[in-house]
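Hi everyone, thanks for coming.

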Amino acid sequence: LSAGHEWIRVGEDVHRYHLSKPEFEINSCAIRKARTLYASPKLLVVKTGARPQAALDTTDTVTMQSLYNIHAKTPATDLRVILALINSTFVGWYLR
């Protein structure tokens, strides 16, 4: 990782229940959105694809526009339950 840069996640980094190590970096000065949008924990959902793909991100990694960032509105919300629903066969079937 270069000085003044940080990792950025793209859609190809997200798989069902799994995140690959980020391969791209971005200049920290180029990030204009609020850091709270990238705060963890959050679900990362790929915007396009044959079926829904989502994974739990426990880092504050910045994301590209190819991903939705989903945060819990209350501490009582278990993101793992939402993750299981998004990745389920039923939801994949329903969204076809």
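This is a predicted model: local features need pLDDT of at least 70, side-chain atom pairs count only at pLDDT 80 or more; totals for chains, interfaces and linings use all residues.

**Strands side by side**

Residues are numbered from 1 along each chain as its sequence is written, and side-chain values use heavy atoms, with hydrogens and water left out.

When I say strand, I mean a DSSP run of E with at least two residues, numbered from the N terminus. Two strands pair if DSSP finds at least two bridges between them.

So what is the order of the strands in the open sheet? It goes E4-E1-E7, three strands with mixed pairing. At the edges sit E4 (24-27) and E7 (62-63), each pairing on one side only. Strand E1, residues 5-9, runs antiparallel to E4, over four bridges. There, His 5 faces Asn 27, and Glu 6 is opposite Ile 26. With E7, E1 pairs in the parallel sense, over two bridges.

Now the loops. Between E4 and strand E5 (42-46) you'll find Pro 41, and a cis peptide bond links Ser 40 to Pro 41, with omega about 0°.

Tyr 17 is in the loop between E2 (14-15) and E3 (18-19). Its phi is near 70°, a positive value in a residue other than glycine. Is Tyr 17 buried, exposed or partly exposed? Tyr 17 counts as partly exposed because its relative accessibility is 47%; buried means under 20% relative accessible area, exposed over 50%, and partly exposed in between, using a 1.4 Å probe and protein chains only.
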